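The sequence and the structure come first.

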Amino acid sequence: MKKVGIFGGSFNPIHTGHIALAKSLCEKAGLDEVWFMVSPQNPFKQAATDLLDDSLRFELVEKALKGESQLKACNYEFHLPKPSYTWHTLQALSKDYPDIAFTLLIGGDNWAAFDKWFHHDDILAHYP
C-alpha cells in the first residue's frame, strides 16, 4: 500500500523550511510521497485578510516543488466546505483513495493545540 503524508497549510507563501521539513519527514517516516495540502481556510485563522488568492498559493507551491519527485502540490481541499477541517479532509481522501495509507504531518505549533482540533481523537486513532 502506498504511504502518503499530508502536510497541510496556508503556504502563504511556501518557503524552503516547509520543503526541507517535508523531505526529512518523508525519509524518516518511510513515506512514498508528501502532499502539500494548500488550505483555502484554516479554522484557526478565519480572520486572516492577508491571505494570497487560493489559486496563486497553489501555483507557488507547484513551482517550489518542481523537480521534487516525492513532493506534490495538492488543491484537494478547494472543493471541500470551508473552513477546512483536517478530519473532513482525511475522511474524504480515505474514501477517494482507498489504496493509500495517509499520515498526518504537523508542526509543533499545531501539535501544542491539537486537542482543540475537530475530532482530534479520531484523527489520532486512524492516521499516524
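## Helix 1

Thr16, Glu27 and Lys28 are exposed on helix 1, in what is a predicted model. On the other side of the helix from these three residues are the buried ones: His18, Ile19, Ala22 and Cys26. Viewed down the axis of helix 1, the buried residues fall within an arc of 95°, so they line one face of the helix. Their cover includes strand 1, strand 2 (33-38), helix 2 (54-64) and strand 3.

Helix 1 is made up of 13 residues. From first C-alpha to last it reaches 18 Å, close to the 18 Å expected at 1.5 Å a residue. Just after helix 1, Gly30 has a positive phi of about 65°.

## Nonpolar cores

The largest nonpolar core contains 18 residues. Ile6, Trp35, Tyr76, Leu93, Phe102 and Ile123 are the members with the most contacts inside it. Two or more residues of this core come from each of strand 1, strand 2, helix 3 and strand 4 (100-105). Helix 3 gives the most, with four residues.

Which residues does Leu93 touch, once its neighbours within four places in sequence are left aside? Leu93 is then in contact with Ile6, Trp35, Met37, Tyr76 and Phe102. Of these partners, Ile6, Trp35, Tyr76 and Phe102 are also listed among the residues with the most contacts inside the largest core.

Phe114 is located in the loop between helix 4 and helix 5.

Setting aside neighbours within four places in sequence, Phe114 contacts Leu104, Ile106, His120, Ile123 and Leu124. One of these, Ile123, is among the residues with the most contacts inside the largest core. For another, Leu124, the C-alpha to C-alpha distance to Phe114 is 9.8 Å, and the two are 10 residues apart in sequence.

Most residues other than glycine have a negative phi, and most peptide bonds are trans. Phe11 is not a glycine, yet has a positive phi of about 45°. This residue sits in the loop between strand 1 and helix 1, and Phe11 is buried at a relative accessible area of 4%.

His119 also has a positive phi, of about 55°, without being a glycine. It lies in the loop between helix 4 (108-112) and helix 5 (120-126). The relative accessibility of His119 is 38%, so it counts as partly exposed: the value falls between the 20% and 50% cut-offs.

## Cis peptide bonds

The bond from Lys82 to Pro83 is cis, with omega near -5°. Pro83 is part of the loop between strand 3 (71-74) and helix 3 (86-96).

How values were computed:
Residues are numbered from 1 along each chain as its sequence is written. This is a predicted model: local features need pLDDT of at least 70, side-chain atom pairs count only at pLDDT 80 or more; totals for chains, interfaces and linings use all residues. Side-chain values use heavy atoms; hydrogens and water are left out. Buried means under 20% relative accessible area, exposed over 50%, partly exposed in between (1.4 Å probe, protein chains only). The expected span of a helix is 1.5 Å times one less than its number of residues. The arc is that of the directions from the helix axis to the C-beta atoms. Contact means heavy atoms within 4.5 Å. A nonpolar core is a set of buried Ala, Val, Leu, Ile, Met, Phe, Trp, Tyr and Cys residues joined through side-chain atoms within 4.5 Å.
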